[in-house]
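Hi,

Here is the structure for your files. My notes follow it.

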Amino acid sequence: MWESESESATGREYGSGLLTSTKHSVKTEGFQQRGNSWYVSADTPSDLLVQIGDANFHLHKYPLLSRSGKLNRIIYDSRDPDLNKIVMDDLPGGPEAFELAAKFCYGIAIDLTAGNISGLRCAAEYLEMTEDLEEGNLIFKTEAFLSYVVLSSWRDSIVVLKSCEKLSPWAENLQIVRRCSESIAWKACANPKGIRWSYTGRAPKVASPKWNDMKDSSPSRNQQVPPDWWFEDVSILRIDHFVRVITAIKVKGMRFELIGAGIMHYAAKWLPGLMNDTAIPGDEGSNSSNSSSSSGGSWKGGLHMIVAGPRDDTSTLQAKDQRMIIESLISIIPPQKDSVSCSFLLRLLRMANMLKVAPALITELEKRVGMQFEQATLADLLIPNYNKNETVYDVDLVQRLLEHFLVQEQTESSSPSRQSLSDKHVSSNINAKTRVARIVDSYLTEVSRDRNLSLTKFQVLAEALPESARTSDDGLYRAIDSYLKAHPTLTEHERKRLCRVMDCQKLSIDACMHAAQNERLPLRVVVQVLFSEQVKISNALANNALKEGVESQYQPMIPNRKTLLEGTPQSFQEGWAAAKKDINTLKFELETVKTKYLELQNDMENLQKQFDKLLKQKHTSAWTNGWKKLSKLTKMTNVENHDISPQIPTTEEQNRKTTRRWRNSIS
């Protein structure tokens, strides 16, 4: 990384890190510690006791009062010149910072480092060690060290920001957090070429070979610096400081996918259950072990808490901290699609549901998953349902994710920027829906084994996608068959309703063969499957014959069968023989089924005729019987008239007979 303070501060006023006061009236040889008490080695006895927590400092009034405005005011407000004890439990930095401040007041040289500068700066502000009391007082010198040494070094900025975790709100009010965050962001976004790199953040035993090479040798400008070089160092920060750094990095204009990768790295380190699928809030020690192994040395990431109480209290505090981390990470994920992986979002959503994160943030996270739902996997979608007396997996959650995906697809297809690339967008949109359909079918197959899954939920999730999303319904048939197997008490009406979501014409030949022998399916569905299978086979044979006819026009004829077999590989011949045998078997089975189907159809027609006949007899009435009798009488009258009329010949007929006789006589 960036060079440390020992390298960057060479030749500066504060390069040595040694700080002394120019004026001191009490001659001393140093401080001595006896247990929890500190004593000044001086000729004059101490006349002031400063108590900070469990630590007691036996000091002299004059060196402190001459440089600390707060101590001056405390003694002045007390109206007691003989006051010899002051309690300051709220001093930022604790006894360690006050020890350095007291040494500075006595003129003893102190060593300023990145580890103690933030606490000493806050303590100086608390003690009001300003320039009004003495030129070159502690506030001025600590501020100069921060500005000229710490902020120019990558490693020191990280260390100081890490040390500010115990100094809230003093470090925040003094702008230490903001300045360190901006310094880190600027260095993370800077061009790494020409920068002298030194190792920070990880112990050498766990460092990658590239980083070891950079550390051990002086890197040249041609060395390739990994883009994720800053991930490990930044991941040791507390979540609120990490958010500040990422926010500053966004302002600097870093690529969103690189920011997302840094967020995922941080989450993997601080949320061990995110990658292990065992997000148990009460798992003590899991965080610390994960962090110590990944950071090494003095860096200890993870949630380190020392809590005096039972295990349940520790579990509650860990769950609270993890909830805060998840909520913060959701708020800083870049809004661009593919900034983080869909798998990471779904795992984060699983932990968010388990830890009862704010509903608004969960909704936002669900929308993010919907933006890239086609990248999801079945294992990530199997999110447990944490509500009692419900299904094992959260089916409603997947339904919402699918709705967000469809809304996003609709929004993108209607946006003006997408219309210029309509052909490419349509193809990608169809591919995304096809992948989502396969994911949903696999999910339905998995959750269908749950006996608590209602038919309505199954049907709504299966019908959520448009028909064009599925090129084949084999996966959906597999899910339906699994649901029927796990719910044997379904009525015939419910089975038909379940199978209505499937299109039999989109089933493959293997699925059709399985469905034809499936006793769990309704009879009507089996008939539809057989019919569609017959149509498919007929079309396939017709296309094959047409293709062979077309190829025969352009390809030279093979002399005989023997030459054809010699030019064909043995494996292909065996495969073709097996395929031909299967085709013949299928033809025979289809003919048998077709015959049975025709017999059933004839029986159905006979039964229909008998039913119609019985129905007509049942609906006859006296009125219709009367009309039938009238029609019979009318027919009888017509017949009698027809019988009488031939006996009375007409004049025309007589003339014909006369003419005939005359003609006969002439002949």
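Over residues 583–617 the chain is 100% helix and 0% strand. Helices here are DSSP runs of H or I with at least four residues, strands are runs of E with at least two, and both are numbered from the N terminus. UniProt, in an unreviewed entry, puts a "coiled-coil region" at residues 583–617. Such annotations may be inferred rather than shown by experiment.

Some ground rules. This is a predicted model: local features need pLDDT of at least 70, side-chain atom pairs count only at pLDDT 80 or more, and totals for chains, interfaces and linings use all residues. Residues are numbered from 1 along each chain as its sequence is written, and side-chain values use heavy atoms, with hydrogens and water left out.

Next, helix 5 (residues 117–127). Ten of its eleven residues are buried, so helix 5 is largely enclosed by the rest of the structure. Buried means under 20% relative accessible area, with a 1.4 Å probe and protein chains only. Among the buried residues are Ile117, Arg121 and Tyr126. Glu128 follows helix 5 and has a positive phi, near 60 degrees.

Last, a helix pair. The axes of helix 24 (residues 474–486) and helix 25 (residues 492–499) come within 10 Å and cross at roughly 160 degrees. That makes helix 24 roughly antiparallel to helix 25 (an angle over 145 degrees). Axes are lines fitted to C-alpha atoms over the stretch in contact, and angles run from 0 to 180 degrees between N-to-C directions. Ile480, Tyr483 and Leu484 of helix 24 meet Arg495, Leu498 and Cys499 of helix 25, with contact meaning heavy atoms within 4.5 Å.

Best wishes

Note on methods:
Angles under 35 degrees count as roughly parallel, over 145 as roughly antiparallel, 65 to 115 as roughly perpendicular and the rest as oblique. Buried means under 20% relative accessible area, exposed over 50%, partly exposed in between (1.4 Å probe, protein chains only).
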